[in-house]
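Have the structure open beside the text as you read.

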Amino acid sequence: MRGYVELFRLGKTYDTHKGPVVIVEDFDLNLERGEYVALLGHSGCGKSTVLTMVAGLNPITTGGVAIDGREIDGPGPDRGVVFQSPCLMPWMTALDNVMLGVNQVYRNASKNDRIDLASYYLNLVGLGGSLHKRAKDLSQGMQQRVGIARAFALKPKMLLLDEPFGMLDSLTRMELQEILLEILVRDKVTTVMVTHDVDEALFMSDRVVMMTNGPRARVGAIFSLPFERPRVRADVLDHPEYYEYRRKMIQFLEEQDHRKLKADAEAREQAKKQDEAEEQQVAEAV
Amino acid sequence: MNWRGGLLKFCEVAGLPIFEPFVRLAAGEDKKEQFVGIAKYVLLPIVAIALFLGFWAMAANTVVTDSAKLPSPKATWDAGAQLIAMHYEQKQADRLAKQEKVGEAVRYMAEAKAYGEAAEKATGAKKEALEAKSLSLKKRAVSAVNYEPSSAPTFIDQIWTSVGTVFFGFLLATLVAVPLGVLCGMSPWFNAALTPFIQVFKPVSPLAWLPLAFIVIMWYYAGYSAGETFFNKAFLISATTVCLCSLWPTLVNTTLGVASVDKDFINVADVLRLSWAQRLFKIILPASLPLMFAGMRISLGVGWMVLIAADMLAQNPGLGKFVWDEFQNGSELTYARIAFSVFVIGMIGLVLDRIMIFFRNLVSFGNPAPA
């Protein structure tokens, strides 16, 4: 099956002074148009690596990514990215931050149209009254709203969210999750979100892709969620299968943990044996 | 209470915490807390200064040689007051001389007019003689009007010359260092090419540069006599030396600022596919301004220090030359005047530093520099 977005045997290898380390290997994933997929896994498992490769900000070692039938080559405004830290230019106003991208994508539109577009998305994220405030004077939550508005205002083919709510307090996080879903009801943009929050993945996405622990991380399991859209938090939480899915996901993560602990223990055991063998040799030699 | 916020913001941006307790006191905030602030920023320094003056006065009584003695604070103060008074006396005398010359010019013009009228009525040789007389009177009037007093520069004149020289040198340095620093920060290749020069020339003392600056200026101005050129030679030599020495902190800091722009900002620029110019002017330059200004602040400080030495050597009018001349004169007042100059040089350095802190804090998006 060919998807709107295809990740084909995507892999990333970093060269370290101890030799090459494979972070992600053979990562296969197809997304339908308008689908919301969450990448869930432990910290450091390579979720963000996959996302930054799709964004074009991180060179791809093996495999490839195609969007709408075209292979990506470097970063571009067809993929809106929301980073964990808001990444606004602190010296610019909220509007100017959004305009930076809008000016780039809609070069032929009149200035007024561009301002209207940027203000429209800032209004959607609830910042209609703070258009001309400097980014450095906005709270963390408000800055992240501007980040979301900036990504949507590009009218991207794809939205890439790298733990977008990770730095926010839980109340602000829930508020922004709902705002994001609301905008997605209007603009159906294909989305990949990286998170390590099981509840966030369950509430936001159509499918949750569980990643195995790195190195050599890959797709471990995929859960298709039955919750209806538009999502209402209370309904999702009340859904009869919610806790079943939640249990399965946490079980998967714990298994990964066990596997990692086991692998670590084995590695330690191995190292110990080697040490002993070496000591033996030394003792024999003496 | 808007004026309170504005004034507090100003104290912070200008790096003047000394005024903060007074603003808060005027705004009716807790008095006890503000008196603690005043004690810290005002009373304590006053006590320290008083102690210093006491030690100085004691030292002045002790350090005495056959030919001279260390000036006491009182003698220094008097010498300073005298220098400033001399400046105003001199200016007053110059003004009077100028007035007199202008009066003379008016008289000459009136006479010239009279001769001119007489010439119109006369005929033949007499007419020509009268016209010639009228013309020479007019010429004299013009030269009288253009009279400039040629008195020696006073202490205050020297201060202004020094400040002008340091700003001109600093401006030159900034115009060279900022573009070079931006290029170095953006291109590792360019940086690699420039690094040997920076590393080698940065630690060189201004006095070593001076003779080289001297021959370059001499070569450039060969064939012109004094007054024909836009800049004074000695002024240019001093300014060039200031420029060569104050170049480096700005260059190094600009390079650092541009090279260490937050990776996130660069990611945003990549995602938006900003052009080279947009990337430079919308992201890299604003993001590196705080470090750039921190470098310029050091540069101006270095420039001011260097200038005094350069003035001494180049015999460029300025505070350095003033100190040197006083030392050579060896009058009774010499050391008191030099001590006063030291104080003035320090105060001007302080003001220059505050100005740069002010600018740096203006561009630092809410992270004021430590004063």
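Let's start with a charge on a ring: Arg233(A) lies over the face of Phe203(A), 4.1 Å from the ring centre. A charge gets that label if NZ of Lys or CZ of Arg is within 6 Å of the ring centre and within 35 degrees of the ring normal. Lys248(A) does likewise over the face of Tyr245(A), at 5.5 Å from the ring centre.

Before going further, some ground rules. This is a predicted model, where local features need pLDDT of at least 70 and side-chain atom pairs count only at pLDDT 80 or more, while totals for chains, interfaces and linings use all residues. Residues are numbered from 1 along each chain as its sequence is written, chains are lettered from A and ligands numbered from 1 in the order in which they are written, and side-chain values use heavy atoms, with hydrogens and water left out.

### Aromatic pairs

Tyr245(A) also belongs to one aromatic cluster with Phe223(A), Phe227(A), Tyr242(A) and Tyr243(A). Rings of Phe, Tyr and Trp (its six-membered ring) pair if their centres lie within 6.5 Å; planes under 30 degrees apart are stacked, over 60 edge-to-face, and the rest tilted. The count over all chains comes to 19 aromatic pairs. Here are two of them.

| Pair | Type | Centre to centre | Angle between planes |
|---|---|---|---|
| Phe227(A) and Tyr242(A) | tilted | 6.0 Å | 40° |
| Tyr220(B) and Tyr221(B) | tilted | 5.6 Å | 40° |

What does the chain A pair tie together? Phe227(A) sits in the loop between β10 (219-224) and α7 (233-238), and Tyr242(A) in helix α8 (residues 242-285), so the contact links parts of chain A that are 15 residues apart in sequence. Helices (H or I, at least four residues) and strands (E, at least two) are DSSP runs, numbered from the N terminus.

Both Phe227(A) and Tyr242(A) are buried; that means under 20% relative accessible area, with exposed over 50% and partly exposed in between (1.4 Å probe, protein chains only).

### The cavity

How many cavities of 30 Å³ or more does the structure hold? There is 1, and the largest cavity has a volume of about 70 Å³. On a 1 Å grid over the protein atoms alone, a cavity is a set of points where a 1.4 Å probe fits but cannot get out, and lining residues have an atom within 4 Å of a point. Grid points are joined across faces, edges and corners, and the volume is the space filled by probe spheres set on the points.

Both chains contribute to the lining, which includes Phe83(A), Arg150(A), Leu154(A), Val268(B) and Leu272(B). The elements giving two or more residues are β6 (79-82) and α4 (140-153) of chain A, plus α10 (263-271) of chain B. By class, the lining has 7 nonpolar, 1 polar and 1 charged residues. Here Ala, Val, Leu, Ile, Met, Phe, Trp, Tyr, Cys and Pro count as nonpolar, Asp, Glu, Lys and Arg as charged, and the others, Gly among them, as polar.

Chain A has 8 helices and 10 strands, and 49% of its 286 residues count as buried. Its C-alpha atoms fill a box of roughly 85 × 45 × 45 Å along the principal axes.

Where is the cis bond? The peptide bond from Arg229(A) to Pro230(A) is cis, with omega near -5°, and Pro230(A) is in the loop between β10 and α7.

Cys87(A) has a positive phi of about 60° although it is not a glycine. This residue is in the loop between β6 and α2 and is buried, at 6% relative accessibility. Lys155(A), likewise not a glycine, has phi near 45°; it is found in the loop between α4 and β7 (158-162) and is partly exposed at 48%.

### What the record says

UniProt, in an unreviewed entry, lists "domain: ABC transporter" at residues 5-238 of chain A. That span is 34% helix and 27% strand. For chain B, the unreviewed entry places "transmembrane region" at several stretches, including residues 159-183 and 204-222. Residues 159-183 are 100% helix, with end C-alpha atoms 36 Å apart, while residues 204-222 are 79% helix with ends 27 Å apart. UniProt positions follow the numbering used here, feature names are shortened, and annotations may be inferred rather than shown by experiment.

Notes: 1 Å grid on protein atoms, 1.4 Å probe; cavity = no way out; pocket = protein on both sides within 12 Å on 5 of 7 lines; lining within 4 Å.
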